[in-house]
Amino acid sequence: MEIRAFGATSVSVPPGGASLPLGMKALGLCAFLVDQAPRPATRDALVELFWERVGPTQGKGSLRQEIRRIKKSLGAAVFDSAFSVSDTHVGIYQGAVLYDGEQISLAADAKDPETLASLLTLHTGEFLVDNAARAESFQDWARGRRVHFNERVIAALVRLSDSDIAATMVERAQRSAERIIAIDPLHEKGHELLIRCHIASGRRAEARAHFERFRATMLQEFGAEPMREIADLVAPGAPAGTPGAAAGPAKPAIAPTAKAGGARPTIAVLNVTKHLPPDRAYLADGVAEQLVASLSKSTWIRVAALSSAPFAPGGDAIDRGQRDLRDYADYILRVDVRAHRQRVAILSTLSRVADGETIFSAESEDESDDILSLQRNVARRIASIFEPMIIDDQAKREAAEEWREPDDVNHWRLLMRARWLFWTTRPSNNKEAQRLLQKALKISPLDVPTYCILGFSHMLDAWSDWTDDVAGSVREAQRWAGRAVQIAPNDGWAQLTLGVACSTPDTLDQAKSRVAHALRLSPSLVVAVGEMARFHAFDGETAEATRLADEALALSPYDVHAGLWLRSKAFARWIDGDLSAALELIDFALIIRPGWFQNHYLRAAILIEQGKDAPAKGAFLRGQKLMGAYSDAALRIGHPFRDRALHQRFVQALNKAGGSFAL
């Protein structure tokens, strides 16, 4: 059988078979199952996805009817060869179905231009865009997959168009650029590629006209100009492109004075090593270079690498360095490497340039057998510790300053104050954070961190039940996170935020995929490692959850998220039935973050299963006092177990401790 989910959704039996007369839910069911293949879905999960507004018994009856309709339309022989149906699960056998989603994924991953070009034929429209099945859970899933496929296709077509322009295949390059814009009308790279195609074909007037139309749209939608690289292509006096000529590299902008106009803080990485023998001096240089490479992936800070030579006249290198850096950087990270035989010790010290205060210092030791691996691992560990510390320092200092709106408002101050308010985890502060972030977007409408914190703030509303519509808050989180990814698809924080916004019971796979991609983009993004631990815990994959939680804690043991990573590890132990270890871990998490009500709820569940009813009820009451009312919907989003049995086990324990949640 063949299932097409792009453009006009259809199910047919090739060769030459006409589309079968299936309804919207049947088509959606087929698309969902083939997209999940070869892993089957539980009947409970399918009922929650497509029949969320009816009871479980009625939903299971409706699912049986849809399966019978599909079987009748396909014929028993075709159905039995493609579908795996049991009392508990429904799935599609791998390789039994021709699925355009799989073809598109394979083409998007290809490296050769001809295979990439097949996307122009395969991608005939957006994923399930014509399916109007009236089930919000299904539509949420479809929207998430639509964003996923759109991003993959766009990234592949960007590569194809760039390659084709260089190979003077301008006509196909233009088709790729036009397809990118059709998928995302505000995709700046797509418009840049189309303008380059016009220029390469000698249509300079058309290139200029297209730029002006795009510029008007950008100003109307975001109040912002297109990227300077695009404007430079059509600027008066710009060289007329020849077929195959790619746009030249953009001229580097002059770095603004630190914090000028609310800019991100700049961290200067300074190698201050003095005691290495000449034949091992490369060790310190390598660590500093790898550290710059890791920090440069941050969307929150600017980074610069500095040679120690200008700051080493006599013994006052540090003092002079701070005077010289005052108008250039906000923080300085000094790296001092020492080696003895096969042992290497690295001392990293972060200080504030303005007042010379040392914020934190960390020392680590490693074997030097594999120098390149050592340099990468050390740089990742240092970046994991110090990047969050810089942002926390900025937010705390902003919170301590006097605030007068609108006189003192700039984008960075709005963002930092909003981030501090968000981390207080209070409903009124979270709402105020959202107001400030909306205001910040009016100043910098394409700022990725602002969209990210907005996304997290709406997830906090859902997790904490500070909203009348938990599912609506999750959708809002996905909308803001999706915009961050749309603006910067290669930004680790953007991908992380969308992954977290997708961490619902039905979209854990998408959440994992997003956050895994965030880590590929930014390996030092330790919070992404911690979130992956949470996803695996609620997916029942306890060994991997424990490994990832330990990795996050080892990379950045001083992180504000550490209490959450310990909670994920505690859940893994609870799932495995190791209640003593789970209790020890959640007690540790409560030392780090005593005000997070979910820690108290997990502690109550653990104590109930240990038979300690009185302390369990006390733990539940403390969580209830911190939280107040807590709905079934918020509980499900905050504890997205994929296995319904684990969810029921958790709810039963909470109810014995004093709750009244629905099973």
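## α1 against α3

Helices α1 and α3 sit roughly perpendicular to each other, because angles of 65 to 115 degrees count as such. Keep in mind that this is a predicted model. Their axes cross at roughly 85° and come within 10 Å. Here α3 covers residues 56–74.

Who touches whom? From α1 come K25, A26, L29 and C30, and they meet L63, E66 and I70 of α3. Sorted by class, that contact holds five nonpolar and two charged residues, with no polar ones.

## α1 against α8

Now for the other partner. Helix α1 spans residues 24–36 and helix α8 spans residues 136–166; their axes come within 12 Å and cross at roughly 50°. That angle makes α1 oblique to α8. As for its hand, the crossing of these two helices is left-handed.

On the α1 side, the contact uses G28, A31, F32, D35 and Q36. They meet F138, W141, R145 and F149 on α8. This set of residues splits into five nonpolar, two polar and two charged.

## The chain as a whole

Stepping back, how many helices and strands does the chain have? The count is 29 helices and 11 strands. The chain runs to 663 residues, and 55% of them count as buried.

What about contacts between residues at least 6 apart in sequence? Of these, 62% join residues at least 24 apart.

Technical notes:
Residues are numbered from 1 along each chain as its sequence is written. This is a predicted model: local features need pLDDT of at least 70, side-chain atom pairs count only at pLDDT 80 or more; totals for chains, interfaces and linings use all residues. Side-chain values use heavy atoms; hydrogens and water are left out. Axes are lines fitted to C-alpha atoms, for helices over the stretch in contact, and angles run from 0 to 180 degrees between N-to-C directions. Helices (H or I, at least four residues) and strands (E, at least two) are DSSP runs, numbered from the N terminus. Angles under 35 degrees count as roughly parallel, over 145 as roughly antiparallel, 65 to 115 as roughly perpendicular and the rest as oblique. A crossing is left-handed if the near helix is turned anticlockwise from the far one by less than a right angle, and right-handed if clockwise. Contact means heavy atoms within 4.5 Å. Ala, Val, Leu, Ile, Met, Phe, Trp, Tyr, Cys and Pro count as nonpolar, Asp, Glu, Lys and Arg as charged, and the others, Gly among them, as polar. Buried means under 20% relative accessible area, exposed over 50%, partly exposed in between (1.4 Å probe, protein chains only).
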